[in-house]
Amino acid sequence: MNLLLLGRGKTGSLVAEVAAERKHRITGAGAKDNAGCAALTREKLRDIDAVIDFTTPDCVLGNIEACVQAGKNMVVGTTGWYGELDRIRGMVERHNTGFVYAPNFSVGVNLFFDAVRAAAAALRHGYSGQIFERHHVHKKDAPSGTAIAILRIVQEAGALAEAVEITSFREGEVVGLHELVLESPHDRIYLCHDAKSRRGFAEGAVLAAEWLAGKKGCYDFKDVWREL
Ligand SMILES: NC(=O)c1ccc[n+]([C@@H]2O[C@H](COP(=O)([O-])OP(=O)(O)OC[C@H]3O[C@@H](n4cnc5c(N)ncnc54)[C@H](OP(=O)(O)O)[C@@H]3O)[C@@H](O)[C@H]2O)c1
């Protein structure tokens, strides 16, 4: 595939590595090349099969709008924009493109979501819940998109929004650690996912771009990773 990678930072640089290993042709654009979405004109996107975005919360919506309006498939790993998800979903449907997003593209975290879903039944049996997330000090959004996804799963299991709190820590170079603690007067359940490197995110994003080829519609990676 001909992939355009937006963002050549900590995660984007690994996406480029994985894409090259999987024999894709990959061009990258960083903040300078893509100021004001300059890398995303119809002309520049003409030969691109899919765009992968690991940039920042302040530019990602502009990137999404430009790519979707140009009719290009897109995989978005950047977090911090989900308040606009319904609007973007509508735009993807209107422009008949393919779009995969996720707060976390690692298969391990998506398996962890299943464990969270199963354990969250405890909230209907007198347990209280707390979510903790730790990331490196450079992370721009808090709480993390993954912590918000855990909260949604827990709420779907019947917990009131205000009954479960997310606590965010920003420390050193922590890649990403998420914990769900469920507590009753008699015992405590701990679930934890600890990312050792960013490679899992990068692999998931490239596989999602491959999966998206020829598809239309807006997909959450948690609903499609089993098909990869
Ligand atoms: N979904 C997932 O699995 C997952 C996993 C990890 C991270 N993330 C999210 O992905 C995003 C990036 O994380 P990161 O840790 O890789 O951050 P990072 O190391 O700070 O990299 C961000 C990169 O974005 C580039 N950038 C900024 N504005 C841009 C623009 N307008 N066009 C193109 N590139 C632009 C910067 O390029 P320059 O260096 O050229 O300025 C920078 O290298 C964050 O939102 C993070 O939460 C998601």
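**Salt bridges and the ligand shell**

Colleague: Arg-46, is that one buried or exposed?

Modeller: Arg-46 is exposed, its relative accessible area being 53%, where exposed means over 50%, buried under 20% and partly exposed anything in between, with a 1.4 Å probe and protein chains only. This is a predicted model, in which local features need pLDDT of at least 70 and side-chain atom pairs count only at pLDDT 80 or more, while totals for chains, interfaces and linings use all residues. Residues are numbered from 1 along each chain as its sequence is written, and side-chain values use heavy atoms, with hydrogens and water left out.

Colleague: Okay, and which residue does Arg-46 form a salt bridge with?

Modeller: The partner is Asp-47, with 4.0 Å between the closest N and O atoms, and Asp-47 also counts as exposed, at 53% relative accessibility. A salt bridge here is a side-chain nitrogen of Lys or Arg within 4 Å of a carboxyl oxygen of Asp or Glu.

Colleague: How many salt bridges does that rule give?

Modeller: The count comes to 18. Among them, Glu-84 and Arg-87 meet through their side chains at 2.6 Å, N to O, and Glu-84 is partly exposed at 30%, as is Arg-87 at 37%. Arg-199 also pairs with Glu-203, the closest N and O atoms lying 3.0 Å apart.

Colleague: Switching to the ligand, which residues come nearest?

Modeller: There are 23 residues around the ligand, and Lys-10, Thr-11, Thr-79, Phe-105 and Lys-139 come nearest, a residue being near if one of its heavy atoms lies within 4 Å.

Colleague: What about Lys-10, how far is its backbone from the ligand?

Modeller: A polar backbone atom of Lys-10 is 2.8 Å from an oxygen atom of the ligand. With ligand nitrogen as the other atom, the distance is 3.1 Å for a backbone N or O atom of Pro-103 and 3.5 Å for a polar backbone atom of Gly-7; a polar contact is a pair of N or O atoms within 3.5 Å.

Colleague: How much of the ligand's area does the protein cover?

Modeller: The protein covers 78% of the 920 Å² of accessible area (Shrake-Rupley method, 1.4 Å probe) that the ligand has on its own.

Terms used:
Polar contact = N/O pair within 3.5 Å; in protein donor to acceptor, adjacent residues only side chain to side chain.
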